[in-house]
Amino acid sequence: MILKYYQQILAGSVLVVFAFWFLFRGTAIIQESQRAALPFSGPHWKHKGQTIESSEIFNSKYLRVESHTLRSKTGAVINGWMWVDFLDQVNVLAQNDKGQLLVIRQMKYGVAHASLSVVSGSIAVNEQPSEAAARELHDELGMESTQWTFLGKFRTDANRGGGFVYSFLASNVKPARNSAGRPSNELEAQEIVAMSVKEISDAVLLGQFAEAKWSNTVSLALLRMRTQNPPTLSLDAAKIPLNQREAV
């Protein structure tokens, strides 16, 4: 009886040890495979004349965290300057042939309420911003356009990185011939909303575009619409030369 009792304890202990080993080993294998399969593919930032060296702290599919050593304009060396590289993005405000502006009402994880947004998404490896803008317009709204206005390229955080956003206005958009639309999901359920210039102007002023990049893109597009003979940016200005993947 006593021998059987100890045998049961021993067997249970072996199972517990094996379970813990499997848990920790399995977690390590998953983390290693994720790091190997999903490295950050965005451009690496170096400020010519200031960046001395950088060391990677964290790397994932969507972002890379680094510690930079840099030289200030006064010559002082600064260690431990935290830098975050995000994938560069495009923002697109779409306008149809009726003059209506098409935006999206949706929930985002980082916002506690529903927000209006423009079309947005990350730029893929070896993809030009204008190509990403057309792809996202097609995927999110099921639309296409041959009339594009480049509104500018903007750093999302001038001191800590965050990637760049390329803003566009797509005019006279029409339903794409081969669009099935983007599959919906519970996290980002989307509703397409058509708004007049007055309605979207009020929405910006009321803070209904919850992300700064979206507000910036809409404001730039509205300013361009309302300005006589506005300065223009060539679509060529939105191109990323292959030799500038390492920023200078």
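This is a predicted model: local features need pLDDT of at least 70, side-chain atom pairs count only at pLDDT 80 or more; totals for chains, interfaces and linings use all residues.
Visitor: Why does Glu-66 count as buried?

Guide: The reasoning rests on a cut-off, because a residue counts as buried when its relative accessible area is under 20%. Glu-66 has a relative accessibility of 3%, and therefore counts as buried. If its neighbours within four places in sequence are left aside, Glu-66 is in contact with several residues, among them His-44, Ser-54, Ile-57, Trp-81 and Asp-85.

Visitor: I would like to turn to the aromatic residues. How many aromatic pairs does a search of the whole structure find?

Guide: In general, a pair of aromatic rings is described by the distance of the centres and the angle of the planes. Searching the whole structure gives five aromatic pairs. One of them is formed by Trp-148 and Phe-168, whose ring centres are 6.0 Å apart and whose planes stand at 90 degrees, and this pair is edge-to-face. It links distant parts of the chain, since Trp-148 is in strand 9 (residues 147–157) and Phe-168 is in strand 10 (residues 161–175), with the two residues 20 apart.

Visitor: Which residues do ring pairs link into a cluster, and is Phe-168 buried or exposed?

Guide: The cluster linked by ring pairs consists of Trp-148, Phe-150, Tyr-166 and Phe-168. Phe-168 has a relative accessible area of 0%, so this residue is buried.

Visitor: Where do charged ends sit over rings?

Guide: The charged end of Lys-153 is placed over the ring of Phe-164, at 4.4 Å from the ring centre. The charged end of Arg-155, for its part, sits over the ring of Trp-45, 4.8 Å from the centre of that ring.

Visitor: Strand 10 has come up already. How should I read its pairing with other strands, and in which sense does strand 4 pair with strand 10?

Guide: A general idea comes before the case: in a regular strand the side chains alternate between the two faces of the sheet. Strand 4, which spans residues 89–96, pairs with strand 10 in the parallel sense over seven bridges, and the bridge partner of Asn-91 in strand 10 is Ser-167. Strand 9 runs antiparallel to strand 10, and nine bridges join the two; they form a hairpin, with three residues between them. Within strand 10, Ala-170 is the residue opposite which Trp-148 stands. Strand 8 (residues 143–144) also pairs with strand 10, in the antiparallel sense and over two bridges, with Lys-174 as the bridge partner of Glu-144.

Visitor: How many of the residues of strand 10 are buried?

Guide: Twelve of its 15 residues are buried, and strand 10 is thus mostly covered.

Visitor: Finally, what is Asn-216 in contact with, once its neighbours within four places in sequence are left aside?

Guide: With those neighbours left aside, Asn-216 is in contact with Phe-154 and Ser-167. With a relative accessibility of 28%, Asn-216 counts as partly exposed.

Notes. Residues are numbered from 1 along each chain as its sequence is written. Side-chain values use heavy atoms; hydrogens and water are left out. Rings of Phe, Tyr and Trp (its six-membered ring) pair if their centres lie within 6.5 Å; planes under 30 degrees apart count as stacked, over 60 as edge-to-face and the rest as tilted. Helices (H or I, at least four residues) and strands (E, at least two) are DSSP runs, numbered from the N terminus. Buried means under 20% relative accessible area, exposed over 50%, partly exposed in between (1.4 Å probe, protein chains only). A charge sits over a ring if NZ of Lys or CZ of Arg is within 6 Å of the ring centre and within 35 degrees of the ring normal. Two strands pair if DSSP finds at least two bridges between them. Contact means heavy atoms within 4.5 Å.
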